[in-house]
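Hi,

Here is the model I promised to pass on.

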Amino acid sequence: MPKSITDIREICLKYEIPVEQIKTFWEELEDGRLVTSKCSDCDNVMFPPQSYCQNCLSKDIKWIGLEGEAVVKGFTHICVLPTTFSGEEPYTIVVAEFKKHPGVRAFAWLEGIDKEDVEVGMDVKLTPKQREEGPPYYVYKPV
């Protein structure tokens, strides 16, 4: 009997994410606007938007505009690309906290700046983007 067995196989994961309850977010993003969800019962602001409150579990959720101005709390440079991004250049991903919603943070790619110039505490703005094909997305850009 062997002491160990090594089996290397490629795994492909395909996710189907129901978006009906957050459809407004995707429609607004496609039109170049950022919105997110806010609990009508406890005023908890959530990003990415949620169909129920993470704080009080209420389903009474409303949509609010999101200006996107934020402060970088952490970042990393991705130089060894995962297979799904093998066609991309090395990139930087950022976690930043929205200025108008303390405690609410978003995770996104950072564009428009050399990696040597990225630092914690710098101002960025979350900005909608549109692909030629596929769903819209958002990135941070330096302010």
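Below is what turned up, starting with the domains and pockets and ending with the backbone and the cysteines.

A quick word on the ground rules: this is a predicted model, where local features need pLDDT of at least 70, side-chain atom pairs count only at pLDDT 80 or more, and totals for chains, interfaces and linings use all residues. Residues are numbered from 1 along each chain as its sequence is written, and side-chain values use heavy atoms, with hydrogens and water left out.

**Domains.** The chain is assigned domain 1 (14-66) and domain 2 (67-142); the bounds come from an automatic or database domain assignment. Their C-alpha centres are 20 Å apart. Across the boundary, 13 residues of domain 1 are in contact with 14 residues of domain 2 (contact means heavy atoms within 4.5 Å).

**Pockets.** The search runs on a 1 Å grid over the protein atoms alone; a pocket is an open set of points where a 1.4 Å probe fits, with protein on both sides within 12 Å along at least five of seven lines, and lining residues have an atom within 4 Å of a point. Grid points are joined across faces, edges and corners, and a volume is the space filled by probe spheres set on the points.

The largest pocket holds about 940 Å³. Its lining has 23 residues, and those nearest the centre are Trp 26, Arg 131, Pro 135, Pro 136 and Tyr 137. α1 (23-30), β6 (105-110) and β8 (137-142) are the elements that give two or more residues to this lining, with α1 supplying the largest share, four residues. (Helices are DSSP runs of H or I, at least four residues, and strands are runs of E, at least two, numbered from the N terminus.) By type, the lining splits into 17 nonpolar, one polar and five charged residues. Here Ala, Val, Leu, Ile, Met, Phe, Trp, Tyr, Cys and Pro count as nonpolar, Asp, Glu, Lys and Arg as charged, and the others, Gly among them, as polar. Where does this pocket sit relative to the domains? Both domain 1 and domain 2 give residues to the lining, so the largest pocket lies between them.

The second largest pocket has a volume of about 170 Å³. It is lined by 13 residues, with Pro 90, Tyr 91, Thr 92, Leu 110 and Ile 113 nearest the centre. β4 (69-78), β5 (91-98) and β6 each supply at least two of the lining residues, and the lining divides into seven nonpolar, three polar and three charged.

**Backbone.** Most residues other than glycine have a negative phi, and most peptide bonds are trans. A cis peptide bond joins Phe 47 and Pro 48, with omega about -5°; Pro 48 is in the loop between β2 (45-46) and β3 (61-65). Leu 57 lies in the loop between β2 and β3 too, and has a positive phi near 70°. Leu 57 is exposed at 60% relative accessible area (buried is under 20%, exposed over 50%, partly exposed in between, with a 1.4 Å probe and protein chains only). Asp 43, in the loop between β1 (35-39) and β2, also has a positive phi, near 65°, and is partly exposed at 48%.

**Cysteines.** How many disulfides are there (cysteine sulfur pairs within 2.5 Å) in the whole structure? The search finds zero. For Cys 39, the nearest cysteine sulfur is that of Cys 56, 3.6 Å away. Cys 39 is buried at 0%, whereas Cys 79 is partly exposed at 45%.

Cheers

Conventions
Disulfide = S-S within 2.5 Å.
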